[in-house]
Amino acid sequence: MSTNASGSDDLESRTVTLDVPGMDCPSCAEKIVNSVSKLDGVVAVEPQVMTGTVHIEYRPEKVEVDALVERVQAAGYDVESRDDLQTERFDVPTMDCASCASKIENALDGVEGIVERETLPTTGTVIVTFDPGQTSRGDLVAAIESAGYDVEDTDPDTAEDDLVEESRAKDVWLSPRALKTWVGGGLLVVGLVLEFLLSGLDVTLVSLVGQEFGTAELFYFAGAVISGEQILRNGYYSARTRSLDIDLLMSLGIIGAITASVVFGEALYLEAGMLAVLFSVAELMEEYAMDRARSSLRELMDLSPTTATVRRDGEETTVPVEELRVGDRVIVRPGDRIPADGSVVEGESAVNQAPITGESVPVDKTDGDEVYAGTINEEGYLEVEVTAEAEDSTLARIIELVEDAQRDKTEHEQFVDRFAGKYTPVVVSLAVLVAAVPPLLIDGSISLGVAGQSLVFAGDWATWFKRGLALLVLSCPCALVISTPVSVVSGITSAAKNGVLIKGGTHLESVGTVGAIAFDKTGTLTHGELTVTDVVPAGGESRESVLSVAASLEARSEHPIAEAIAEAADEAGVETSDVAGFESLTGKGIRAQIDGETYFAGKPALFEELGLSLGGARTMSDGGVAIADSASDDAATGGGAIEDLQADGKTVVLVGTEERIVGVVAVADEVRSEAKRAVERLHDLGVERLVMLTGDNEVTARAVGEMAGVDEVRAELLPEEKAEAVATLDEESGGVVMVGDGVNDAPALATATVGIAMGAAGTDTAVESADVALMGDELSKLPYLYALSGKANGVIRENIWASIGVKALLALGVPFGLVNVAVAVVVGDMGMSLGVTTNALRLARIKPDRFE
């Protein structure tokens, strides 16, 4: 993405293309031309109505692109995108908390040309959209590193999986910071031994301003400096970027304790060392916990192989998957992962599609079948023709959408951000007051009896400085800030690995709160394909003879019913006969000759016109749902049998001559075997209303609804009426989920609180149109999604209130001397960060039910 430069008489001009979809007529284009042309520095304006784009040549010395965009907007049209901007992603693995993100944001805010920037601590990613004419990728990297964070190499030539493996190989506990922490902790232990166990060795080394500095103090001081080196470094960067975060606060605490010891003789070297060591351990624990949370996304990335064996010019060669092109033929041997989306052109095998669809049983694949990148060839040899490049594969889209999902802030996250913005300044102010005010007000000491315990409030500066230090530790809201995003990332990545693609934390939270779920019928509760469900012979006919006649007659028809009958005959191994004189009887059926005799196949009304009695059967609307296979060689074909089949919602096709009925074939769109179990499970989970919405006739809809066990059926609905029904359910139930195919149900999906598309693997439209996509064609994933959402909401609430509650209790105990610096760090900071992360990871334990 860049601007085009062209020479002019004395100044260089550039061209930018703006996407303006609302410009759809010549008068629209004229308004935009008139508005933009008013700016000084505009050379030419060329609107393209057919593509909805505007090409503007301008002189950058006189006018900026932002001004051009404003003039288009002033004409009354929105600009959706512009080609002069560039977006870059940066991998910053050590950015693992909100304060880290804040420092990087502040550093980037000082760079000219940045249009938008986002920091995602849960994945260690920074996304920046910028004007390449004003800044560069190098400038952005420099800005991030100026905040104290390293940017990992994401050069295009470096394979992504190499970065993943390199990141994974890093051992948090043996990192340079960890080693410094262990050394510092060891020095503190030596100092404690000298002071309390081997006091004879604790000799005075130097005396300054009347204060002795002994061997123990030397070890405390050394421990504080060595363990606190990274803290002080980060605190320096925080000060540079004007970020009031935990690094700056801890740095002030360490420096303050050492200063008070040297200048005021308060002997707080031990406290400084403890603060440095314990906070460093807390940071390592937080890094470790965040790495565990990020590992779920890395597992998704690991699914894609890095190389592929491709046949080119008759020879096999191994190439990076990024070099595969549409039309390439790749070779997949048993046990290999399929490197790209494609279709099988040679061989047959069972393919494990669980990484994409979550299906537990491998799927048989043969010529013409679709396969997905990242799935596993179990046993056979396959050659696959590539249909999508690596960056456009189903797996790549899943990874991209999962990464982007965390960018959507939920209501819980917005609440936490607002709370944290007020929390830190208030607690820091309290810390200053606790450290400074009591020594001025208390002369000597005050004893207070509470619950049978005597609490002593001394007036010395050292005591209250330590308590202020403890409050300073508690002022960091890190655990609270990460409590929601780490839960969202855990839930979304866990769902993706189970074949459920959730496109945002808001949708994850919303599914479990709705009071109603609406289903489309065709392709959702049913398979969406017609099949023969019943064959009822008449007289001395057999099931095979009826199918033979029916399939022979329907052989020349392209109607879905004809295809279903032909497929049933083929599966049964029934031979068909050649027909002559084929004729379609519009709206009634067909007629043809078999071995010189005229046969008919069609609706019951056709045979009534031929004068054949159907026993007074009442003809009902066509449609269909398979209730049960009930073919019987000696079953009667009277009106009662026909009426029963139609009452079950099946489409009835009679086969016979002008003199007799040979038999009846019933065709239906079968209800999914797991539909009833899924509906029952949703009821068990607490969904109050389960409603089926369909455009089919009332008879068919009622039959399907009864089989599936839904609470309500609304039939004969047009697409816009489905959307209206969803809106009504939303209002009545306090939220509604709509489950459909993602294409025909687009209005209803868009109207629902959450729209869910079924069977979305490999379907761009379904993935893009829905809020949630069930990659496999399995209804069993719906109860799983509802349960996951409910659990995620519970985990998020637990994390938020535990973070707030524990911090509040600890803060209340500080003035009374019940909570010291060690407790504040170990419990309030390290403990809570580790706790909320571990709690969030529990979401990965939830697995879909298997409806056999």
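Student: Which residues are linked with R329 and E383 in a network of salt bridges?
Tutor: The model is predicted. R329 and E383 belong to a network of salt bridges.

Student: How far apart in sequence are the parts that the R329 and E383 pair ties together?
Tutor: The two side chains meet in a salt bridge, 3.0 Å from N to O. R329 lies in strand β13 (residues 329-332) and E383 in strand β19 (residues 382-386), so the pair links parts whose separation in sequence is 54 residues.

Student: Is E383 buried or exposed?
Tutor: The cut-off for buried is under 20% relative accessible area. R329 has 31% relative accessibility, so R329 counts as partly exposed. E383 has 2% relative accessibility, so E383 counts as buried.

Student: How many salt bridges are there by this rule?
Tutor: The rule takes a side-chain nitrogen of Lys or Arg within 4 Å of a carboxyl oxygen of Asp or Glu. Side chains of opposite charge can pair when their charged atoms come close. The count comes to 23.

Student: Which residue forms a salt bridge with R681?
Tutor: The closest N and O atoms of this pair are 3.0 Å apart. R681 lies in helix α21 (residues 675-685) and its partner in the segment after α27 (821-841), so the pair ties together parts 168 residues apart in sequence. R681 is partly exposed, at 30% relative accessible area. The partner is D849.

Student: Where does R842, the salt-bridge partner of E798, lie?
Tutor: The side chains of E798 and R842 meet at 3.3 Å, N to O. E798 counts as partly exposed at 42% relative accessibility, and R842 counts as partly exposed at 24%. E798 lies in helix α26, and R842 lies in the segment after α27.

Student: Which helix supplies the largest share of the lining of the largest cavity?
Tutor: The structure holds 2 cavities of 30 Å³ or more. The largest has about 60 Å³ of space. α12 (411-441), α14 (478-497) and α26 (781-813) each supply at least two lining residues. The largest share, 3 residues, comes from α26.

Student: How many residues of that lining are nonpolar?
Tutor: The lining includes F419, Y423, P477 and K807. In the whole lining, 1 residue is polar and 1 is charged. The nonpolar residues number 7.

Student: Why are the buried residues of α4 on the same side of the helix?
Tutor: In helix α4 (residues 137-146), L140, V141, A143 and I144 are buried. They lie on the same side of α4 because they cover an arc of only 160° around the axis.

Student: What do the buried residues of α4 pack against?
Tutor: L140, V141, A143 and I144 are the residues in question. They pack against β6 (86-91), α3 (98-108), β7 (114-120) and β8 (125-130).

Student: Which residue is 6.0 Å from D84, C-alpha to C-alpha?
Tutor: D84 lies in the loop between β5 (81-82) and β6. D84 is buried, with a relative accessible area of 1%. The residue asked for is 68 residues away in sequence: V16.

Student: Which residues is T215 in contact with, leaving aside its neighbours within four places in sequence?
Tutor: T215 lies in helix α7 (residues 215-240). At 13% relative accessibility, T215 counts as buried. The contacts are L194, L201, D202, V203 and L205.

Note on methods:
Residues numbered from 1 in each chain as written. Predicted model: local features only at pLDDT ≥ 70, side-chain atom pairs only at ≥ 80, totals over all residues. Heavy atoms only, no water. Buried < 20%, exposed > 50% of the residue type's maximum accessible area, 1.4 Å probe, protein only. Helix = DSSP H or I, 4+ residues; strand = E, 2+ residues; numbered from the N terminus. Arc of directions from axis to C-beta. Contact = heavy atoms within 4.5 Å. 1 Å grid on protein atoms, 1.4 Å probe; cavity = no way out; pocket = protein on both sides within 12 Å on 5 of 7 lines; lining within 4 Å. Points joined across faces, edges and corners; volume = space filled by probe spheres on them. Nonpolar A, V, L, I, M, F, W, Y, C, P; charged D, E, K, R; others polar.
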